[in-house]
Amino acid sequence: AGGETAPPDGMTPFADLLGPLARPCRVPEADPSARAMLVYTSGTTADPKGVLHTHRSLLAETHSAVMLRGAEPGKRHLSLFPPGHVAGLLGLLRVLVHGSPTAVMDSWDPVRAAGLVDRHGLTVATGAPVQLAGLLDLKERGAASLATLREFMTGAAAVPPALIRRADAAGIAAYRCYGSSEHPTVSSGDADEPLEPRATTDGLVIEGCEVRLVDDDVKDVPDGALGEIVSRGPELFAGYTDERLDREAFLPGGWYRSGDVGRLSADGHLTVVDRKKDIIVRGGENISSPEVEAILAEHPLVAEAAAFPVADHRLGERVGVAVVLRPGGSLSLDEVRAHFEAVGAARQKTPEHLAVVEELPRTASGKVRKHVLRAAHRPPSA
(Lines give C-alpha, C1' and ligand atoms only; values in the text may rest on other atoms or scores of the structure.)
Protein backbone atom coordinates (compact mmCIF):
# COMPACT_ATOMS: atom_id res chain seq x y z
CA ALA A 1 0.00 0.00 0.00
CA GLY A 2 1.06 3.62 -0.57
CA GLY A 3 3.44 2.52 -3.28
CA GLU A 4 5.61 0.43 -0.96
CA THR A 5 7.27 -2.58 -2.50
CA ALA A 6 6.12 -5.93 -1.14
CA PRO A 7 8.86 -7.81 0.71
CA PRO A 8 10.43 -10.87 -0.97
CA ASP A 9 9.02 -14.28 -0.17
CA GLY A 10 10.02 -15.50 3.27
CA MET A 11 10.77 -12.01 4.60
CA THR A 12 8.82 -10.11 7.30
CA PRO A 13 7.83 -6.47 6.62
CA PHE A 14 9.54 -4.09 9.04
CA ALA A 15 6.17 -2.56 10.02
CA ASP A 16 5.07 -5.96 11.35
CA LEU A 17 7.99 -5.92 13.80
CA LEU A 18 7.08 -2.59 15.37
CA GLY A 19 4.31 -4.02 17.50
CA PRO A 20 6.52 -6.32 19.65
CA LEU A 21 9.31 -3.74 19.77
CA ALA A 22 6.96 -0.98 20.92
CA ARG A 23 5.98 -2.86 24.07
CA PRO A 24 7.38 -1.53 27.37
CA CYS A 25 10.79 -3.05 28.13
CA ARG A 26 11.30 -4.76 31.48
CA VAL A 27 14.90 -4.94 32.63
CA PRO A 28 15.67 -8.53 33.63
CA GLU A 29 16.64 -9.19 37.22
CA ALA A 30 19.94 -11.03 36.90
CA ASP A 31 21.41 -13.05 39.72
CA PRO A 32 25.07 -11.88 40.08
CA SER A 33 26.11 -15.51 40.63
CA ALA A 34 24.25 -16.78 37.55
CA ARG A 35 26.19 -17.92 34.50
CA ALA A 36 26.91 -15.06 32.11
CA MET A 37 29.55 -16.59 29.84
CA LEU A 38 30.73 -20.00 28.73
CA VAL A 39 34.20 -20.07 27.19
CA TYR A 40 36.32 -23.07 26.29
CA THR A 41 39.98 -23.53 27.11
CA SER A 42 42.22 -23.71 24.07
CA GLY A 43 43.14 -27.38 24.49
CA THR A 44 46.92 -27.07 24.05
CA THR A 45 47.63 -30.01 26.39
CA ALA A 46 44.28 -31.81 26.62
CA ASP A 47 40.68 -31.69 25.47
CA PRO A 48 39.11 -28.22 25.84
CA LYS A 49 37.08 -27.64 29.00
CA GLY A 50 33.98 -25.48 29.34
CA VAL A 51 34.68 -22.60 31.75
CA LEU A 52 31.71 -20.94 33.47
CA HIS A 53 31.88 -17.25 34.38
CA THR A 54 29.23 -15.33 36.27
CA HIS A 55 28.03 -11.73 36.02
CA ARG A 56 30.00 -11.07 39.21
CA SER A 57 33.32 -12.46 37.92
CA LEU A 58 33.06 -10.65 34.58
CA LEU A 59 32.18 -7.31 36.19
CA ALA A 60 35.07 -7.74 38.62
CA GLU A 61 37.40 -8.25 35.67
CA THR A 62 36.06 -5.29 33.69
CA HIS A 63 36.55 -3.05 36.73
CA SER A 64 39.99 -4.38 37.66
CA ALA A 65 42.93 -1.99 37.80
CA VAL A 66 44.34 -3.43 34.57
CA MET A 67 41.08 -2.91 32.67
CA LEU A 68 40.57 0.58 34.08
CA ARG A 69 44.12 1.52 33.11
CA GLY A 70 43.38 0.39 29.57
CA ALA A 71 40.21 2.49 29.50
CA GLU A 72 41.97 5.76 30.30
CA PRO A 73 40.95 8.70 28.06
CA GLY A 74 42.99 9.01 24.89
CA LYS A 75 43.80 5.31 24.56
CA ARG A 76 42.70 3.67 21.33
CA HIS A 77 42.89 -0.10 21.23
CA LEU A 78 43.74 -2.86 18.80
CA SER A 79 42.28 -6.13 20.12
CA LEU A 80 44.04 -9.06 18.43
CA PHE A 81 42.77 -11.98 20.50
CA PRO A 82 39.87 -13.75 18.75
CA PRO A 83 36.41 -13.16 20.28
CA GLY A 84 36.19 -16.86 21.17
CA HIS A 85 39.19 -16.49 23.49
CA VAL A 86 38.57 -15.09 26.97
CA ALA A 87 40.89 -12.14 26.33
CA GLY A 88 39.01 -11.32 23.13
CA LEU A 89 35.67 -11.43 24.93
CA LEU A 90 37.02 -9.18 27.67
CA GLY A 91 38.19 -6.73 25.03
CA LEU A 92 34.62 -6.52 23.77
CA LEU A 93 33.35 -6.04 27.33
CA ARG A 94 35.75 -3.11 27.76
CA VAL A 95 34.04 -1.47 24.79
CA LEU A 96 30.56 -2.10 26.20
CA VAL A 97 31.30 -1.13 29.81
CA HIS A 98 33.85 1.67 29.37
CA GLY A 99 33.28 2.82 25.79
CA SER A 100 36.96 2.45 24.86
CA PRO A 101 37.62 3.12 21.15
CA THR A 102 38.65 -0.30 19.84
CA ALA A 103 39.38 -2.04 16.56
CA VAL A 104 38.60 -5.75 16.91
CA MET A 105 40.04 -8.43 14.63
CA ASP A 106 38.40 -11.84 14.30
CA SER A 107 41.42 -13.48 12.64
CA TRP A 108 45.11 -12.67 12.55
CA ASP A 109 46.46 -10.81 9.54
CA PRO A 110 49.60 -8.77 10.30
CA VAL A 111 49.28 -6.48 7.28
CA ARG A 112 45.66 -5.70 8.09
CA ALA A 113 46.47 -5.20 11.78
CA ALA A 114 49.27 -2.76 11.01
CA GLY A 115 46.96 -0.94 8.59
CA LEU A 116 44.37 -0.51 11.36
CA VAL A 117 47.01 0.98 13.67
CA ASP A 118 48.22 3.46 11.08
CA ARG A 119 44.75 4.32 9.73
CA HIS A 120 43.03 4.89 13.07
CA GLY A 121 45.95 6.10 15.20
CA LEU A 122 45.67 3.19 17.62
CA THR A 123 47.86 3.53 20.71
CA VAL A 124 47.50 0.26 22.65
CA ALA A 125 47.36 -3.36 21.50
CA THR A 126 46.75 -6.68 23.20
CA GLY A 127 47.72 -9.97 21.62
CA ALA A 128 49.87 -13.06 21.60
CA PRO A 129 53.68 -12.93 21.26
CA VAL A 130 53.49 -14.16 17.66
CA GLN A 131 51.28 -11.17 16.81
CA LEU A 132 53.65 -8.67 18.40
CA ALA A 133 56.51 -10.26 16.44
CA GLY A 134 54.50 -10.02 13.22
CA LEU A 135 53.91 -6.29 13.69
CA LEU A 136 57.57 -5.70 14.49
CA ASP A 137 58.60 -7.58 11.33
CA LEU A 138 56.47 -5.22 9.23
CA LYS A 139 57.82 -2.14 10.97
CA GLU A 140 61.43 -3.26 10.50
CA ARG A 141 60.81 -3.90 6.80
CA GLY A 142 59.30 -0.43 6.41
CA ALA A 143 55.91 -1.90 5.47
CA ALA A 144 54.15 -0.13 8.36
CA SER A 145 54.99 2.85 10.54
CA LEU A 146 53.10 1.94 13.76
CA ALA A 147 53.96 5.50 14.75
CA THR A 148 51.07 5.86 17.21
CA LEU A 149 51.43 2.45 18.88
CA ARG A 150 52.89 3.05 22.34
CA GLU A 151 51.95 -0.07 24.36
CA PHE A 152 51.51 -3.77 23.73
CA MET A 153 50.25 -6.16 26.41
CA THR A 154 51.09 -9.73 25.52
CA GLY A 155 50.45 -13.13 27.02
CA ALA A 156 48.49 -16.38 26.47
CA ALA A 157 51.80 -18.04 25.51
CA ALA A 158 55.43 -17.98 26.61
CA VAL A 159 56.99 -14.56 25.94
CA PRO A 160 60.75 -14.53 25.22
CA PRO A 161 62.47 -11.57 26.94
CA ALA A 162 64.16 -10.84 23.61
CA LEU A 163 60.76 -10.02 22.09
CA ILE A 164 59.99 -7.38 24.74
CA ARG A 165 63.45 -5.86 24.27
CA ARG A 166 62.97 -5.84 20.51
CA ALA A 167 59.67 -3.99 20.89
CA ASP A 168 61.28 -1.51 23.26
CA ALA A 169 63.96 -0.76 20.69
CA ALA A 170 61.16 -0.07 18.20
CA GLY A 171 59.57 2.47 20.55
CA ILE A 172 56.79 0.19 21.82
CA ALA A 173 56.60 -0.43 25.58
CA ALA A 174 55.55 -4.08 25.57
CA TYR A 175 54.87 -5.95 28.78
CA ARG A 176 53.74 -9.39 29.85
CA CYS A 177 50.60 -10.48 31.64
CA TYR A 178 49.44 -13.80 33.07
CA GLY A 179 46.01 -15.34 33.37
CA SER A 180 43.81 -18.09 32.00
CA SER A 181 40.28 -18.76 30.87
CA GLU A 182 39.54 -19.72 34.46
CA HIS A 183 41.21 -16.69 36.10
CA PRO A 184 41.54 -14.09 33.32
CA THR A 185 44.06 -11.72 34.93
CA VAL A 186 46.32 -12.82 37.77
CA SER A 187 49.27 -10.51 37.15
CA SER A 188 50.25 -7.80 34.70
CA GLY A 189 53.14 -5.57 33.82
CA ASP A 190 52.83 -1.89 33.07
CA ALA A 191 54.13 0.22 30.22
CA ASP A 192 55.62 2.64 32.75
CA GLU A 193 57.80 -0.01 34.41
CA PRO A 194 61.53 -0.31 33.57
CA LEU A 195 62.45 -2.64 30.72
CA GLU A 196 63.87 -5.55 32.71
CA PRO A 197 60.80 -6.39 34.81
CA ARG A 198 58.67 -5.99 31.68
CA ALA A 199 60.93 -8.39 29.79
CA THR A 200 61.64 -11.00 32.45
CA THR A 201 58.49 -11.18 34.63
CA ASP A 202 54.75 -11.45 34.13
CA GLY A 203 54.14 -8.37 36.24
CA LEU A 204 52.73 -7.68 39.66
CA VAL A 205 49.86 -9.68 41.11
CA ILE A 206 46.82 -7.48 40.54
CA GLU A 207 44.95 -5.83 43.36
CA GLY A 208 42.32 -8.11 44.90
CA CYS A 209 43.94 -11.30 43.61
CA GLU A 210 45.77 -13.72 45.91
CA VAL A 211 48.53 -16.06 44.76
CA ARG A 212 50.31 -18.96 46.46
CA LEU A 213 53.00 -21.29 45.14
CA VAL A 214 52.73 -24.92 46.25
CA ASP A 215 54.73 -28.12 45.81
CA ASP A 216 53.46 -31.53 44.68
CA ASP A 217 52.13 -32.13 48.19
CA VAL A 218 50.18 -28.84 47.97
CA LYS A 219 52.38 -27.23 50.64
CA ASP A 220 53.56 -23.64 50.28
CA VAL A 221 57.11 -23.36 48.94
CA PRO A 222 59.71 -20.95 50.43
CA ASP A 223 59.89 -17.40 49.07
CA GLY A 224 61.51 -17.30 45.64
CA ALA A 225 61.24 -21.06 45.09
CA LEU A 226 59.43 -22.67 42.17
CA GLY A 227 55.93 -23.99 42.74
CA GLU A 228 52.57 -24.50 41.12
CA ILE A 229 50.60 -21.26 40.92
CA VAL A 230 47.30 -21.35 42.79
CA SER A 231 45.11 -18.28 42.88
CA ARG A 232 41.78 -16.88 43.98
CA GLY A 233 40.02 -13.56 43.55
CA PRO A 234 36.79 -11.94 42.38
CA GLU A 235 37.55 -12.69 38.70
CA LEU A 236 37.83 -16.45 39.29
CA PHE A 237 35.43 -18.68 37.35
CA ALA A 238 32.59 -20.59 39.01
CA GLY A 239 33.56 -24.04 37.75
CA TYR A 240 33.60 -26.29 34.69
CA THR A 241 30.63 -27.56 32.71
CA ASP A 242 31.83 -31.04 33.69
CA GLU A 243 31.60 -30.73 37.47
CA ARG A 244 33.87 -33.76 37.92
CA LEU A 245 36.81 -31.60 36.82
CA ASP A 246 36.23 -29.20 39.72
CA ARG A 247 37.49 -31.72 42.27
CA GLU A 248 41.02 -31.59 40.84
CA ALA A 249 40.88 -27.90 39.94
CA PHE A 250 40.20 -26.45 43.39
CA LEU A 251 41.96 -26.68 46.75
CA PRO A 252 40.20 -26.06 50.07
CA GLY A 253 39.47 -22.36 50.51
CA GLY A 254 38.56 -21.82 46.85
CA TRP A 255 42.15 -21.80 45.53
CA TYR A 256 42.36 -22.61 41.81
CA ARG A 257 45.17 -24.92 40.66
CA SER A 258 46.53 -23.44 37.44
CA GLY A 259 48.88 -26.26 36.46
CA ASP A 260 51.50 -23.57 35.79
CA VAL A 261 54.85 -23.42 37.53
CA GLY A 262 56.30 -20.08 38.58
CA ARG A 263 58.11 -18.04 41.21
CA LEU A 264 57.08 -14.97 43.17
CA SER A 265 59.60 -12.27 44.04
CA ALA A 266 59.67 -10.39 47.31
CA ASP A 267 58.22 -7.29 45.61
CA GLY A 268 55.25 -9.20 44.21
CA HIS A 269 56.39 -9.85 40.61
CA LEU A 270 55.19 -13.20 39.30
CA THR A 271 57.22 -15.12 36.73
CA VAL A 272 55.65 -18.10 35.01
CA VAL A 273 58.27 -20.72 34.23
CA ASP A 274 56.31 -23.45 32.46
CA ARG A 275 53.26 -25.65 32.36
CA LYS A 276 53.69 -28.62 34.69
CA LYS A 277 52.93 -30.90 31.75
CA ASP A 278 55.47 -29.15 29.52
CA ILE A 279 58.43 -29.26 31.90
CA ILE A 280 61.10 -31.49 30.38
CA VAL A 281 62.37 -34.02 32.91
CA ARG A 282 65.80 -35.12 31.69
CA GLY A 283 67.48 -37.69 33.90
CA GLY A 284 65.40 -36.55 36.86
CA GLU A 285 66.20 -32.85 36.39
CA ASN A 286 63.45 -30.35 35.52
CA ILE A 287 64.14 -28.14 32.50
CA SER A 288 61.93 -25.16 31.66
CA SER A 289 60.87 -25.14 28.00
CA PRO A 290 60.39 -21.31 27.94
CA GLU A 291 63.97 -20.92 29.17
CA VAL A 292 65.20 -23.03 26.25
CA GLU A 293 62.98 -21.04 23.89
CA ALA A 294 64.29 -17.74 25.23
CA ILE A 295 67.87 -18.79 24.49
CA LEU A 296 66.91 -19.86 20.97
CA ALA A 297 65.14 -16.54 20.43
CA GLU A 298 68.50 -14.80 20.81
CA HIS A 299 69.87 -16.65 17.75
CA PRO A 300 69.86 -14.28 14.75
CA LEU A 301 68.43 -16.91 12.37
CA VAL A 302 65.54 -18.04 14.59
CA ALA A 303 62.18 -16.33 14.11
CA GLU A 304 60.15 -18.61 16.41
CA ALA A 305 60.96 -21.57 18.63
CA ALA A 306 59.16 -24.13 20.76
CA ALA A 307 60.80 -26.61 23.14
CA PHE A 308 59.16 -29.90 24.05
CA PRO A 309 60.11 -33.24 25.61
CA VAL A 310 61.25 -36.10 23.38
CA ALA A 311 60.89 -39.55 24.96
CA ASP A 312 64.16 -41.34 25.69
CA HIS A 313 64.55 -44.88 27.06
CA ARG A 314 67.64 -44.00 29.13
CA LEU A 315 67.00 -40.47 30.43
CA GLY A 316 63.22 -40.48 30.31
CA GLU A 317 63.11 -37.31 28.20
CA ARG A 318 65.48 -35.19 26.16
CA VAL A 319 65.17 -31.59 25.01
CA GLY A 320 63.56 -31.22 21.59
CA VAL A 321 63.03 -27.96 19.72
CA ALA A 322 61.05 -26.94 16.66
CA VAL A 323 62.15 -23.69 15.02
CA VAL A 324 60.88 -21.40 12.30
CA LEU A 325 63.83 -19.70 10.58
CA ARG A 326 64.11 -16.22 9.16
CA PRO A 327 64.00 -16.04 5.34
CA GLY A 328 67.07 -17.53 3.70
CA GLY A 329 68.41 -19.06 6.92
CA SER A 330 69.52 -22.60 7.69
CA LEU A 331 70.37 -24.18 11.02
CA SER A 332 71.88 -27.47 12.15
CA LEU A 333 71.82 -29.15 15.53
CA ASP A 334 75.56 -28.57 15.89
CA GLU A 335 75.02 -24.84 15.35
CA VAL A 336 72.27 -24.87 17.99
CA ARG A 337 74.64 -26.59 20.43
CA ALA A 338 77.34 -24.02 19.69
CA HIS A 339 74.87 -21.20 20.38
CA PHE A 340 73.88 -22.65 23.76
CA GLU A 341 77.53 -23.13 24.68
CA ALA A 342 78.34 -19.55 23.67
CA VAL A 343 75.66 -18.10 25.97
CA GLY A 344 76.81 -20.27 28.86
CA ALA A 345 73.71 -22.46 29.14
CA ALA A 346 73.94 -25.65 31.19
CA ARG A 347 74.64 -28.68 29.02
CA GLN A 348 71.48 -30.50 30.06
CA LYS A 349 69.40 -27.62 28.67
CA THR A 350 70.99 -27.85 25.24
CA PRO A 351 68.61 -29.27 22.60
CA GLU A 352 69.27 -32.81 21.45
CA HIS A 353 66.57 -32.96 18.80
CA LEU A 354 65.97 -30.27 16.16
CA ALA A 355 63.07 -29.88 13.75
CA VAL A 356 63.03 -27.00 11.28
CA VAL A 357 59.41 -26.27 10.37
CA GLU A 358 57.59 -23.73 8.21
CA GLU A 359 55.22 -22.84 11.05
CA LEU A 360 54.44 -23.93 14.60
CA PRO A 361 51.07 -25.54 15.32
CA ARG A 362 49.02 -22.96 17.19
CA THR A 363 45.59 -22.39 18.63
CA ALA A 364 43.50 -19.44 17.44
CA SER A 365 44.81 -17.42 20.41
CA GLY A 366 48.46 -18.00 19.45
CA LYS A 367 49.45 -20.71 21.91
CA VAL A 368 51.78 -23.41 20.58
CA ARG A 369 50.14 -26.82 20.68
CA LYS A 370 52.94 -28.67 22.44
CA HIS A 371 51.11 -32.00 22.44
CA VAL A 372 51.08 -31.90 18.62
CA LEU A 373 54.86 -31.41 18.58
CA ARG A 374 55.39 -34.21 21.10
CA ALA A 375 53.30 -36.60 19.01
CA ALA A 376 54.92 -35.58 15.71
CA HIS A 377 58.45 -36.10 17.00
CA ARG A 378 57.95 -39.18 19.15
CA PRO A 379 60.70 -41.77 18.52
CA PRO A 380 59.38 -44.96 16.85
CA SER A 381 60.23 -47.06 19.92
CA ALA A 382 58.57 -44.67 22.39
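Threonine 54 counts as buried, because its relative accessibility is 11%, and buried means under 20%. Please keep in mind that this is a predicted model. Threonine 54 lies in strand E2, which covers residues 50-54. If we set aside its neighbours within four places in sequence, threonine 54 is in contact with Pro32, Ser33, Ala34, Arg35, Ala36 and Ala238.

I turn now to a pair of helices. Helix H6 spans residues 129-140 and helix H7 spans residues 161-169; their axes come within 11 Å and cross at roughly 35°. The crossing of H6 and H7 is left-handed. Which residues in H6 and H7 meet? From H6 there are Pro129, Leu132, Ala133, Leu136, Asp137 and Glu140, and from H7 there are Leu163, Arg166 and Ala167. Sorted by class, this contact holds six nonpolar residues, three charged residues and no polar ones.

The next topic is the nonpolar cores. The largest nonpolar core has 26 residues, and those with the most contacts inside it are Leu78, Leu135, Leu146 and Phe152. Helix H5 (110-120), H6 and H7 are the elements that give two or more residues to this core. H6 provides the largest share, five residues.

Let us look at one member, phenylalanine 152. Leaving aside neighbours within four places in sequence, the residues in contact with phenylalanine 152 include Leu80, Gln131, Leu132, Leu135, Ile172 and Tyr175. A second, separate core has 15 residues, among them Ile280, Ala307, Val323 and Ala345.

How values were computed:
Residues are numbered from 1 along each chain as its sequence is written. This is a predicted model: local features need pLDDT of at least 70, side-chain atom pairs count only at pLDDT 80 or more; totals for chains, interfaces and linings use all residues. Side-chain values use heavy atoms; hydrogens and water are left out. Helices (H or I, at least four residues) and strands (E, at least two) are DSSP runs, numbered from the N terminus. Buried means under 20% relative accessible area, exposed over 50%, partly exposed in between (1.4 Å probe, protein chains only). Contact means heavy atoms within 4.5 Å. Axes are lines fitted to C-alpha atoms, for helices over the stretch in contact, and angles run from 0 to 180 degrees between N-to-C directions. A crossing is left-handed if the near helix is turned anticlockwise from the far one by less than a right angle, and right-handed if clockwise. Ala, Val, Leu, Ile, Met, Phe, Trp, Tyr, Cys and Pro count as nonpolar, Asp, Glu, Lys and Arg as charged, and the others, Gly among them, as polar. A nonpolar core is a set of buried Ala, Val, Leu, Ile, Met, Phe, Trp, Tyr and Cys residues joined through side-chain atoms within 4.5 Å.
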